[in-house]
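Here is a briefing on a two-chain structure. Please keep the sequence and the 3D view open while you read.

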Amino acid sequence: MGITFRKETFRDDFTFRNSPEHIRRFPFPFHEDAYMYAVNIEPHVVGPKGSVLENLIDVDEHYIAEMQDRALVLAEDPLRCQSLPHMTLAGWDLLELLMEQQALGYPEHFTLTRDGDRWRWINRPLGIDDTFTFGDTSTLPYGPMEYITRQSQGDFCILDQRDGNLWMDAGMVTTQADWSLDFDIGMNFFEWHAPVPLAHEKGIFTRALKFLTNIQQGKPARRLNWTMTINPRLDTSPENYHKWGPDRTTVTPQNVGDKVHLRVELQSFWRLPRSNGIVFPIRCYLIKMDELVTQPKWARRLHRVIRDLPEELATYKGLTRYRPTLVEWLSKLDDGSPTSSGFGPD
Amino acid sequence: MAAKSIISRPVYGTLSPQPGKHHLFIADAEGALAISDMAARAPAGFFDGAEIDFIPGPNNEHVAALEALKPARFHLAPSFASLLPRLKQTLGNAHMGLRLYLAGTEGLIGQAMQVALEAGIDHTSVQTEHRGSLARRMQCVHCKGITENVTTQPATCSHCGLLLLVRDHYSRRLAAFQGVCINAEDRSEIPPMEEAFP
């Protein structure tokens, strides 16, 4: 028994869909009927079977299609994957982590065998069977970070820890919610978060940095973040904003359910053993409104959250143009009855 | 002085004489005045171990005032690009203890800082003082081209022609502010262009 991988696209004809099982496991990010920033970090431990937390590195039915979309993005713009010269060791750390976790969680799809430094990696969904020497970059077709993140869902930032700060010194970022690795690479934790409104004043980043710099090996942490995207487009980069931005003008009362997607990032934070860096996977989950509202509790709650979102946050998340249309559409699914606490559907 | 803004935006100070024997000053246009002002507070003999590299403004002002400080070396450069090879060599060969002072426009300070970073100098150890134009050096996030001396908001990318919002988000590595298409969602919306960074 394994995952049935979907054939689908995240561009042009946008054939991306979630199966009914994947709708129920969607990581809905609102535990109450309102949203405000918080340092919502918790230990990244294994969760219930059938949830996105069943394995610490989640592989799902969109795996092959997402890896194909990443390859297309990189062919157009290789600057989406960059690693400063001192980050190669951290790249090997990440390769080990992702191979181990994917092989552990999905043995029918991935196999890692080690004989000293001689490693063999089999990735059946992508048809890869490579033998290489761990630590010797010349034995892989790409650098270690690029090699393994071309085979792993989500964006990955590798942060160097020095001078009591974290530095964005390497990354594979092709599914980002409107930030540029090419611009932010080399920045420290406060600098790359500089454009985020409200959170600096609340001391969010000072507390988050203190937490992250203390993360210990074998004790990863996680948080959820969210935004919305028109059409199931993974590549919502600032680089291509002039290409995807017009999508935001296409929302009508008739097509809200199909076009508007909730985009949730499961962010996790792991200490890397050799480099002492932190890797920060940003796993993106998309769900269209038609799929989301099949769970009545989520429909009611999302209506209240979007309706009451502070204007600055709505602007930052790029919702301004279509928020009234979305709220009107969702309001018809909200009878005002209470919602149970917690994330899950009823 | 530039207005207070977001955290990635550089903060400039006032040049002050640092302890040590070797001092390198890079300045353009009115940045010369920052050096003159600092000289008034410097101990005797301070410029005996100093080099001043100066890029004059369009009116060629302040050259005599800098020469009067009698630095060990004085170099006039017609542009930052023409200064770059010399600066790279000087910083590449510098030994521990060289003090670096940057004064003038943000574009000059940013580009000299970029060379210093590449030479392994920590940015917090560099003295900076902003003088003169607020014009910005901007990278277009779309085509990656750099447009120099941007004074308007929004501004047109000199490479791809998109109309860009000049953000306060700044990269030391690129020595540039970020420009993002201001009417990406609806190209028919054309906001008025105003003089924002005179």
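Helices (H or I, at least four residues) and strands (E, at least two) are DSSP runs, numbered from the N terminus. By that count, chain A has 13 helices and 10 strands. This is a predicted model, in which local features need pLDDT of at least 70 and side-chain atom pairs count only at pLDDT 80 or more, while totals for chains, interfaces and linings use all residues. Residues are numbered from 1 along each chain as its sequence is written, and chains are lettered from A and ligands numbered from 1 in the order in which they are written.

**Overall build of chain A**

- The radius of gyration of chain A is 20 Å, which agrees with the value near 20 Å for a compact globule of 346 residues. The radius is taken over C-alpha atoms, and the globule rule is 2.2 Å times the number of residues to the power 0.38.
- Along the principal axes, the C-alpha atoms of chain A fill a box of roughly 60 × 45 × 40 Å.
- Of the 346 residues, 40% count as buried. Buried means that 20 or more other C-beta atoms lie within 10 Å of the residue's own, exposed means 12 or fewer, and partly exposed is in between; C-beta atoms are placed from the backbone.
- Among contacts in chain A with a separation of 6 or more, 71% come from residues 24 or more positions apart. A contact means C-beta atoms, placed from the backbone, within 7 Å.

**Helices of chain A**

- Helix α3 (residues 88–105) has 18 residues and reaches 26 Å from first to last C-alpha, close to the 26 Å expected at 1.5 Å a residue. The expected span is 1.5 Å times one less than the number of residues.
- Buried residues of α3(A) include Trp92(A), Asp93(A), Leu94(A), Gln101(A) and Gln102(A).
- The axes of α11 (residues 296–308) and α13 (residues 323–331) of chain A come within 9 Å and cross at roughly 150°. Axes are lines fitted to C-alpha atoms, for helices over the stretch in contact, and angles run from 0 to 180 degrees between N-to-C directions.
- On the α11(A) side, the contact is made by Ala299(A), Leu302(A), His303(A), Ile306(A) and Arg307(A). On the α13(A) side, Arg323(A), Leu326(A), Val327(A), Leu330(A) and Ser331(A) take part.
- That contact has six nonpolar, two polar and two charged residues. Ala, Val, Leu, Ile, Met, Phe, Trp, Tyr, Cys and Pro count as nonpolar, Asp, Glu, Lys and Arg as charged, and the others, Gly among them, as polar.

**Where the chains meet**

- In chain A, 19 residues are in contact with 18 residues of chain B.
- On the chain A side, α6 (189–192) and α8 (241–244) are the elements that give two or more residues.
- The chain A side divides into nine nonpolar, six polar and four charged residues.

**Backbone points to check**

- Asp163(A) has a positive phi of about 50° although it is not a glycine. Asp163(A) sits in the loop between β6 (155–162) and β7 (165–172) of chain A. Asp163(A) counts as exposed, because it has 10 C-beta neighbours inside 10 Å.
- Ala29(B) also is not a glycine, yet has a positive phi of about 40°. Its place is the loop between β1 (22–28) and α1 (31–39) of chain B. Ala29(B) is buried, with 22 other C-beta atoms within 10 Å.
- The peptide bond from Gln153(B) to Pro154(B) is cis, with omega near -5°. Pro154(B) lies in the loop between β8 (152–153) and β9 (155–156) of chain B.

Conventions
Contact = placed C-beta atoms within 7 Å.
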